[in-house]
Amino acid sequence: MTADVTLEGVNHRFGDFDALRDITLSFDAGEFVVLLGPSGCGKSTLLFILGGFLEPRSGTVKIGGQDMAGVAPKDRPTTTMFQDYALFPHMSLRDNVGFGLRMKRQSKAKRNARADEMLDLVGLLDKARAKPHELSGGQRQRVALARALAVEPEVLLLDEPLGALDLNLRRQMQEELKAIQRKVGTTFIHVTHDQEEAMAIADRIVVMNAGQIEDQGRPEDVYLRPKTLFSANFMGDINRLPNTLAKASGTTAACVRPENIGLSGEIALGDATLESSAFFGTYHRCHFRIAETTYVAHLPIGALPEPGATVPLFASNPVLLEMPE
Amino acid sequence: MRALSWIYIGAIFTFIFLPVVVLVLFSFQDSRLPVPPFNGPSLKWYTQVLNDRGLMEALTNSLLVALVSAAVALLLGFFAAQGLARIRLPGSVLMRGLLIAPMTVSYLIIALGLLSMFNDLGFRPSLWTTGVGHVVINVPLCFAILFASMGDHQKNAERAARDLGAGEVQVLFLVTAPMLKPALLAAYFLSVTFSWDEFIIAFLLTRFDVTLPVEIWSMLRSGLSPATNAIGSLVFLVSIAILFLLEFTVFRKPRA
Amino acid sequence: MSIETTDKRRAFGFVAPALLWTCAFFILPFAAMILLSLAHLEGRTVVQGYDFGNYIKIFTEPSLLKGIRVSLEITLVVTVISVVLAWPLAWIIATRVPPRYQRLAIMLAVLPFWTSYVVRSYAWALVLGQNGVLMQGLIGIGILDAPIQIMATRAATVIGFVHFFVMLLTLTIYSNLIQLSPNYARAAADLGANGWNTFRLVILPLTLPGIMTGAFLTFVLCIGDYITPQILGGNNELTMPQLIMLQLGRRGDFPMASALSVVLMALVTVAYALSARWLKMERV
C-alpha cells in the first residue's frame, strides 16, 4: 500500500530552539525520498512528526489526503524503522515481525504466515525462531525492516537505519532497500547525513539545514545544479571561481565541482602549481594553487602531472549560486 | 490518566513521608510524650540530647567506625576489583562470587558467626570487632561498584601510561584512581552510610563502647520519648544536608 | 618469568587481601557456625556432637516451626505488596516527570532512607500506636470511634517493612526503567499497540529481570531482619531472626541459634534457585 505525503507550514520548537521552520513539502506515492542534512538540521524531528511521535507546533501534515492532526502513531498508516532497531529482545523474530499483525487481531496462523513471508523477503526465514540477540547488526536491521513492512504501511519512515553498519554492508543494504521499495511500492522516507547514501537510493533528495529546506530534487539535479551554497557544499567538494572569470557579480558566486576542473575546458583559470595529490582508485584528487587560491580537482588516471609542476588549469559548467549574507 | 498519576504520587509520597514528618514534628514536642496533641515548639529535647554524654560518645563512635571501616573496605574492594578486572585469572568467577557473597547473607547471621568466632578466640566485643564486621559487609559493595566502573576507557588510559614509562604504583595513583573518582566516592559514601546506620552487627559485637543505633535502641527500651525523636531527627537532617551538599558539588553531572 | 606470569601474580596479589578478609571473617565463621549447629547445649556448656538434634527440634517443636511459617508469610506478603506499590511509582517518575526533575523526584522518594533504620521503625511505632498520629487522626475525622490495635500485630510489621522496601524497590526499578530504550514503547505504539498492550507485551517482560532482582533483594533483607518485627510486631508472633536472638539472649544457646541461622540461609538459597531464571536477560 502506498500514499502521498504533504506538509504545509510545519513548525516545531524544543524550548526556545527552532527545530523546524515553515516546512512545506510534497511527496508522491511510491517515491523514495531521502531527507539529507547534518546533525541538528531537523530531519529526524520531521520524521518523528510524520510518524506521530511529535505534534508540530503549527502546520498541517496529510498522508493520503487525510489530515493527521491528533492522530496517534498506532492509528497512522505509517511505520518507523528506528536507529537502534528496537527489536523486542524477548520475542522470536517471527513474533517480532508478526507483532503489528497481532495488534490488528489477526489469527496466529495468518500472522505467522505473513511474518514468514516477510522474513523470506529479507532472507532470514531460516532464523524465524531465533531471538534478536543471536543476530548480527545487519541481520537485525533486516528484521526491523520486515517488521515495519509486515503491516503494509502506506508510508515507511527510516531513521538513519544504516548508520551502525560498516561500509560494504551499508552499500549492500542500500541496494536491498532500493530493490524492496520498488517491489512493494510503499512511499519510503529515509533520513541520513551521508550524501553518497542519499544519491545511491533516492528518487528525490531534500537537503535540510537548521530547520529549513535548502534544496530538493533528483540526485543529478541537486548535485549538478545545486540551488544554494550550503547544498552545493554538502553534496560534495566545491570550488569557487573568481567573479571576473565567470559571469558573477556582487552577491552571486560561480561554483565548480572538482570533476569539472582539469587540464582542458571552457574557462581558462591560469597557470596552477600541483601542491599535492592522492590516489582514489578511479581518479586522482589534486590540490592546485593559483596565487592565493587552492582548487580541488579530480584528474583521470594517467593525466597526473609531476608534483610541483605548473600547468594551465581550466574549469567547465560553473553554477551560479547566491552567497549568504 | 495524567491526573491519576499525580494522585498516585501524592498518596505514595504521603505514605513515605508520614513517619519522618511525625518524627521531626514531635522532636519539638513540649510535653513528655511524642504523640498528639502537639504542644510546642520546644528545643528542650535537643538540648537534652546534645548534653547526653553517652549519646554523644556513641555518635562519635559510630562516626569513627564508619569512616575507618569504610576506608578499609574501599581499599580492599579497589585492589580486588583492579586485580580481577585486569587479567583473566583462573577461577575468577569463583573469586567474584566469594567476594559478593556476604551481600546475600542476613547481617544477623554474619554477626552471629563473628560473635561465636571472637568468643572462641578470646576477643571481647568492642568497636574493633564491630569494625571488622562492617568491613565484611562493605567489601562486596565496594568491589561490585568499582568492578562495574572499570571499563575499557580506563584500561586504555592505564596502557598509555605504562607505554609512557609509568611504574605500576604510579599508574594506580596517577591514572586509575583519579579516573575512578566518582565510583570511589560513591562506594565510600555508601559504605559510610551502611556502617553508620548498621544495628545488628554493632549490637552483638559491642559491649561497653557502643555505636549510635545501639544507644538509640537502649533508649527505646525505656519507652517513647521525644528525646529519641530529637536524636533521630538530628541525624536525619544532618545526613540529608551532607547528601545535598555532595549532590551539588561532587556528584553533579557536568553541563556539557 | 614471562610478562604474563608477572601480571597474573600481581593481579592475584591485588585480589588476595580482600579474599583473605572474606575467608577469615565470613567463610570461616560461617563454616564454624554450621559445625556448631550440630552441637547441643548441656546446662551452660556446649557439647560438640555431630547430630541433627537441633534441626529435628526446629521442625518438630511448634513454636520454632511457627517461626519459619511466620517469616515466610510476612516476607512473601511484604515482597508482593512492595513490588505492586513501587512499580507504578518508578514508572510514573521515569515517564511522566520531566527529565530535568527526575533525579530530584527519585531523591525525594528515597529521602526517608536517611533516617536510621532503627529510628524509622520507631517512628512507625509512634504513628501506629494507640494514641499515635494515625489513630487520633482517624478518630478526629470520624472514621473510628475508638482506637484499634495495630501496634504489636503482624499488620504493623508489614507496614513497617513495606515502607522501607517501597523506597528500595522504587529506586531499583527506576534505575532499570531508565535504561530501557524509549524506542521499544514507540515501536510497539507504531505497530498499533495501545497503552495496555504496550505495557503487557513489551514493557513488563523487558523490566521483569529488574523487578525480580529487586524482589529477591527484598526477600533476603526482609526475612533476615530483626529490628522491624521486634519494634513493631509484638510478642505473639516471632519471626526467625527474633527466635535466633531469643536463643542467644535468654539461654546463650549458640548451637540452636546456629541451626536456625542455617535454616534461614537455606530458605534464602531456595528463593535464589526459584528466581534465578529471571535474573538474566539478553539486551538488544
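How far apart are the nearest C-alpha atoms of chain A and chain B? I looked this up first. Chain A and chain B do not touch, and their nearest C-alpha atoms are 16 Å apart. I note here that the model is predicted.

**Entry: chains B and C**

I then asked which of the two pairs of chains that touch has the most contacts. The pair is chains B and C. Chain C brings 61 residues to this contact, and chain B brings 62 residues. Sorted by class, the side of chain C that touches chain B holds 46 nonpolar, eleven polar and four charged residues.

**Entry: chains A and C**

I turned next to the contact between chain A and chain C, which takes 21 residues from chain A and 19 residues from chain C. Which elements of chain A give two or more residues to the side that touches chain C? I found β6 (78–81) and α3 (99–103) of chain A. Of the elements, α3(A) gives the most to this side, with three residues. By class, I recorded twelve nonpolar, six polar and three charged residues on the side of chain A that touches chain C.

**Entry: a helix pair in chain B**

I examined helix α6 (residues 127–149) of chain B against helix α9 (residues 181–197) of chain B. They pack at an angle of about 160 degrees, and their axes are 9 Å apart. Angles over 145 degrees count as roughly antiparallel, and α6(B) and α9(B) are therefore roughly antiparallel to each other. I noted the crossing of α6(B) and α9(B) as right-handed.

Which residues meet across α6(B) and α9(B)? From α6(B) I listed His134(B), Ile137(B), Asn138(B), Leu141(B), Cys142(B), Ile145(B), Leu146(B) and Ser149(B). In α9(B) they meet Ala183(B), Ala186(B), Ala187(B), Leu190(B), Ser191(B), Phe194(B) and Ser195(B). The residues of this contact divide into ten nonpolar, five polar and no charged.

**Entry: domains of chain A**

Lastly, I consulted the domain assignment of chain A, which gives domain 1 (5–231) and domain 2 (238–322). Taken over C-alpha atoms, the centres of domain 1 of chain A and domain 2 of chain A are separated by 38 Å.

Terms used
Residues numbered from 1 in each chain as written. Chains lettered and ligands numbered in written order. Predicted model: local features only at pLDDT ≥ 70, side-chain atom pairs only at ≥ 80, totals over all residues. Contact = placed C-beta atoms within 7 Å. Helix = DSSP H or I, 4+ residues; strand = E, 2+ residues; numbered from the N terminus. Nonpolar A, V, L, I, M, F, W, Y, C, P; charged D, E, K, R; others polar. Axes fitted to C-alpha atoms, helices over the stretch in contact; angles between N-to-C directions. Parallel < 35°, antiparallel > 145°, perpendicular 65-115°, else oblique. Left-handed = near helix turned anticlockwise from the far one by under 90°. Domains from an automatic or database assignment.
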